[in-house]
Amino acid sequence: MSAEDALAELASAPAGLAASESLKRLARWGANTLAAERPASILALLLGQLKSIVVVLLLIAGGVALASGNVLDGAAIGVVLILNTAIGFATEYRARVAIQALLALEVPRAVVVRADIRREINARDLVPGDVIELDAGQRVPADARLVTSADLATIESPLTGESLPVDKSAAAMLAPATPLVDRTNMVYAATIVASGHGRAVVTATGMRSEVGRLGALASSVRRRRTPLEARLDALGQRLVAAALAVAGIVAILAAIRGTPLGQAIELGLALAVAAVPEGLPAVATIAMAVGVRRMARRAALVRHLPAVESLGSSTVVCTDKTGTLTTGQPTVVELWLDERTVSVSGAGYGLQGSLLEDGRPVDVREDPVLAAALGIAALANRAEVLHDRGVPRVVGDPTEAALVVVAQKAGIERAHLLELSPEVGEVPFSAERRLMATFHRTSAGITAYVKGAPSRIVEASAAMLTRRGPRPISAADRLRL
């Protein structure tokens with residue numbers, strides 16, 4: 001649909017919904033939240049530690065030992081069971097508390113237009129038909145159809161795994177069967193606005209959004225027993241069968257030899273209890289708890305104790321790359337200028353790192369070519385990298401952010417450059433131009449700083465800057481560049 005048709009379909013308007021209408025829709029559609037899986041009760045978590053066949057076997061063995069007067073054996077089995085249960089319960093309870101604390105960290109906000117008045121509200125109060133405003137750096141609060149857009153691009157890696165920003169346009173008209181990754185006139189909950197701004201009308205909230213549907217799909221997967229749980233249960237079944245068989249045979253043989261029936265049964269039960277490996281559950285639980293602690297030191301939460309063993313049993317891991325194996329933070333690692341190479345250390349958007357040539361630090365104040373390149377990187381740019389207590393937060397395109405960071409590593413700040421050379425104009429990047437330019441007032445007049453695809457920059461250039469000054473670009477230079 002066109003933006004106008006979408007607004008009409010949702011009984012909305014560019015001025016947004018009336019406050020009374022939004023309350024009616026909130027009552028009808030519910031809060032714009034993802035339904036979190038209800039955590040198990042404390043009692044269920046505790047009883048969950050006793051589900052293994054080996055543990056059940058120990059409980060029976062302990063009961064038999066106590067009933068037959070072997071108090072010491074019964075007490076020993078009881079201590080092992082308490083230790084095993086306490087370790088498993090404590091480990092899983094700590095993981096659950098940590099996960100709940102993580103879920104409560106962020107309360108998303110949304111800028112909504114209602115009755116032609118712009119206001120900021122809790123994102124959970126959004127309803128289909130609401131008109132929302134989107135700006136760079138903001139997390140999209142709900143699925144929405146764009147109404148207006150200006151140079152808008154979003155990062156959709158939570159849904160598609162694609163780390164590069166996706167250009168969006170309110171004017172785009174697409175076929176109904178267009179796959180999600182190509183829906184350029186839609187924005188989706190949990191994605192991030194990389195650049196530009198726009199307005200959109202909410203089409204789906206909560207569990208009806210695309211990320212909500214993913215959550216529902218994931219929660220519908222039936223939990224399978226881990227390899228260790230399956231092997232321990234198989235061992236328990238064999239032990240039960242073997243113990244009962246041996247106990248029965250011994251009791252029968254004792255009875256045949258004239259032993260009183262009560263003593264024969266007691267002898268068989270004693271053998272059955274002796275066959276149960278009391279230490280096995282505790283050893284397995286302690287080994288898994290050690291694994292969980294090691295994972296925790298690497299900032300990985302293990303929610304279910306036996307799951308830590310599953311990773312050790314895995315032979316193939318299929319996972320999305322972006323945000324899982326990689327951080328989605330591109331980094332400049334090498335600069336090629338004046339037919340020489342400058343390497344850059346450090347990773348991600350952190351400022352730790354330096355510029356090195358032949359292993360020696362490079363001082364940008366004594367290198368006009370490097371200073372010019374990094375100045376262009378900082379000025380022909382629309383990204384911001386904000387550092388809050390050492391934690392970087394990016395507003396804008398991830399690749400542009402990498403260029404800002406490499407300039408900062410050399411001591412070049414975009415804000416300082418803008419004070420010296422105020423910006424007076426811009427040619428935004430487009431897929432057709434394959435370049436962008438910003439125009440600045442300098443002592444030489446108006447200067448354009450341009451960055452883009454190598455072929456476009458080389459095609460538009462007449463000279464290249466070297467340590468000896470500018471020199472014409474030859475045909476061989478163009479080919480090499």
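Biologist: Which residues form a positive surface patch?
Modeller: This is a predicted model. In it, R94, R293, R294, R297 and R298 form a positive surface patch.

Biologist: Which helix gives the largest share of that patch?
Modeller: Helix α10, residues 279-297, with 3 residues. R298 sits in the loop between α10 and α11.

Biologist: Is R298 buried or exposed?
Modeller: R298 is exposed, at a relative accessible area of 64%.

Biologist: Now salt bridges. How many are there in the whole structure?
Modeller: A search finds 21. One of them pairs R114 with D130, with the closest N and O atoms 2.7 Å apart.

Biologist: What does the R114 and D130 pair tie together?
Modeller: R114 is in strand β1 and D130 is in the loop between β2 and β3, so the pair ties together parts 16 residues apart in sequence.

Biologist: Are those two buried or exposed?
Modeller: R114 counts as buried at 9% relative accessibility. D130 is buried too, at 0%.

Biologist: What about D367, which residue does it bridge to?
Modeller: D367 forms a salt bridge with R467, and the closest N and O atoms are 3.6 Å apart. This pair links distant parts of the chain, 100 residues apart. D367 counts as buried, at 3% relative accessibility.

Biologist: And R382, what is its partner?
Modeller: E426, with the closest N and O atoms 3.4 Å apart. R382 lies in the loop between α12 and β12, and E426 in strand β14, 44 residues away in the chain. R382 is partly exposed at 32%, and E426 counts as partly exposed at 36%.

Biologist: Which residues are joined into one network?
Modeller: R340, E357, D367 and R467, through salt bridges that share partners.

Note on methods: Residues are numbered from 1 along each chain as its sequence is written. This is a predicted model: local features need pLDDT of at least 70, side-chain atom pairs count only at pLDDT 80 or more; totals for chains, interfaces and linings use all residues. Side-chain values use heavy atoms; hydrogens and water are left out. Patches are made of residues with over 30% relative accessible area and no salt bridge: like charges are joined within 9 Å, nonpolar side chains (Val, Leu, Ile, Met, Phe, Trp, Tyr) within 5 Å. Accessible areas come from the Shrake-Rupley method with a 1.4 Å probe; for residues, only the protein chains shown count as cover. A salt bridge is a side-chain nitrogen of Lys or Arg within 4 Å of a carboxyl oxygen of Asp or Glu. Lys and Arg count as positive and Asp and Glu as negative; His and the chain ends are not counted. The place of a charge is taken as NZ of Lys, CZ of Arg, CG of Asp or CD of Glu. Helices (H or I, at least four residues) and strands (E, at least two) are DSSP runs, numbered from the N terminus. Buried means under 20% relative accessible area, exposed over 50%, partly exposed in between (1.4 Å probe, protein chains only).
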